[in-house]
Amino acid sequence: MQYRTLGNSGILVSNLALGTMNFGTEETSQEEAFTQLDAFIAAGGNLIDTADVYNGGIAEATVGEWIAARPRDITDRAVIATKGRVRTGDDVNDVGLSRRHLDRALTTSLRRLGTDTIDLYQLHAWDPLTPVEETLSFLDSAVRAGRIRYVGLSNFTGWQLQLAVSTARAHGYQLPVSLQAQYNLATRETEWEMLPAARHNGLGVLAWSPLASGFLTGKYTRDAARTPDTRAGEDNPLYQYTSSNYETSDRTWNAVDAVRRVAEDTGVTPAQVALSWVADRPGVVSAIVGARTVRQLTGSLAAADLHLEADALATLDSASDPNPAPYPYGPFGSAQRRRVASGTEALGELIQAHQAGTEARTSGS
C-alpha cells in the first residue's frame, strides 16, 4: 500500500480506499464486513469511505460496530470518511445542504459510527436551493467544534467546486481538501472540468466506481446474459441503471478489451489493471474499492503497488478516449485556451485543430 496527502492537508491516506456501500446487504453481512475491514487494515489501507444513506444507515453502523469491537491500536489507524446531503426521511427538509439537515445528518453519523469526530465529512452532492455560504459556515463551525476534522466535496461539477472553494477562501471558512467523483476507464468525462478544478485548488481526488460497476473486471462480455450474482444482473434499480449505461457504450467495450490485453501482457488481473490506471492518474489520491467478499477485496488490494508501463498506459488511454466534439473540450476549444511562452500560437493553429476535428467526425474515427 502507498500513501498520499489528502489534498492540501497534512493527513496521509492509502492509494486504495475501502468502500462500504455493500455493507448491510445480503451479499455482505456484518461478519463479512468485519472480515473485509480487518483485511484492509492488515494490508496497510486506512481510508474507509461510507455515507449516511448507504443501506439506510446500516453501512455506517457496521463500521461503528467494527470500531467498537476492535482494539484502539487497530481502529486508530483508520481514517473515517462519510457523507451527508441525500434524503434520509420523508419530511421536506430531510435532504440537502441546509444547516438544519446537515446538523441532524452529522449528529446521526457520529452516533452510528460511535465517535466524537469524523475525519473527513463530505457533501454528497450539490444543493441548488441552499446558499453555499450557509453550507460552508456550518462546516466551518463543525470543524471548530471538533465534530469533523476535514471537509470534502462529492459529485460537484467544476464550477460548483470553484464556487465552494472561492467562497470558503473569501470568508475564511475551512477549505475543502478532497473531491469524490466517478472516474474510471469508461467514465473519463470527469477529466474535462472536475479534475482540473480539483487540481487547481489543491483538492485530492477520490475516485468512486473505479471498476465501472464491475465491467472493467473483464467478467462481462457483450452478448452473454448477466447472472443474478453480479451487479449487472442483480434486481437493483440503481445497479441496473448504471450497468445499462455501460452496456450500451462502445467505449466501455473498447476499454474492457484493452484492459484484458494489458492484463494478459502484464500477468495480472483486468481489475488490477483498471485500478492501477485510475489510482495513478494526475490528481487522484485514492481509488475507492468495494467488494462483496474478502476474496474480491484481496484481489483488488494487489493493485496498490502496481504501476503500469508507458506502452500499457498508452493502450488504455487510446481505447478509452472519450473523443469530445471539437468545442469546448476537443481540439478546437482546447487550442483556443492554449498559450505558450514563445507566443507562437496563431489563428491558423485553431483552424487546423478545427479541421482535424471535422475530419475525425467525418471519417468516424
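**A stacked pair and its surroundings**

Tyr 329 counts as partly exposed because its relative accessibility is 29% (buried is under 20% relative accessible area, exposed over 50%, and partly exposed in between, with a 1.4 Å probe and protein chains only). Trp 192, also at 29%, falls into the partly exposed class. The model is predicted, so local features need pLDDT of at least 70 and side-chain atom pairs 80 or more, while totals for chains, interfaces and linings use all residues. Residues are numbered from 1 along each chain, and side-chain values use heavy atoms, without hydrogens and water.

Seven aromatic pairs are found, a pair being rings of Phe, Tyr and Trp (its six-membered ring) with centres within 6.5 Å; planes under 30 degrees apart are stacked, over 60 edge-to-face, the rest tilted. Trp 192 and Tyr 329 make a stacked pair, with 4.8 Å between centres and 20° between planes. Trp 192 sits in the loop between strand 8 (178-182) and helix 7 (194-200), and Tyr 329 in the loop between helix 12 (310-320) and helix 13 (331-336), so the pair joins parts 137 residues apart in sequence (DSSP runs numbered from the N terminus: helices H or I, at least four residues; strands E, at least two).

Elsewhere, ring pairs connect Phe 215, Tyr 220, Tyr 246 and Trp 253 as a cluster. Another aromatic residue, Phe 156, has contacts (heavy atoms within 4.5 Å) beyond four places in sequence with residues including Trp 126, Leu 161, Leu 179 and Met 194.
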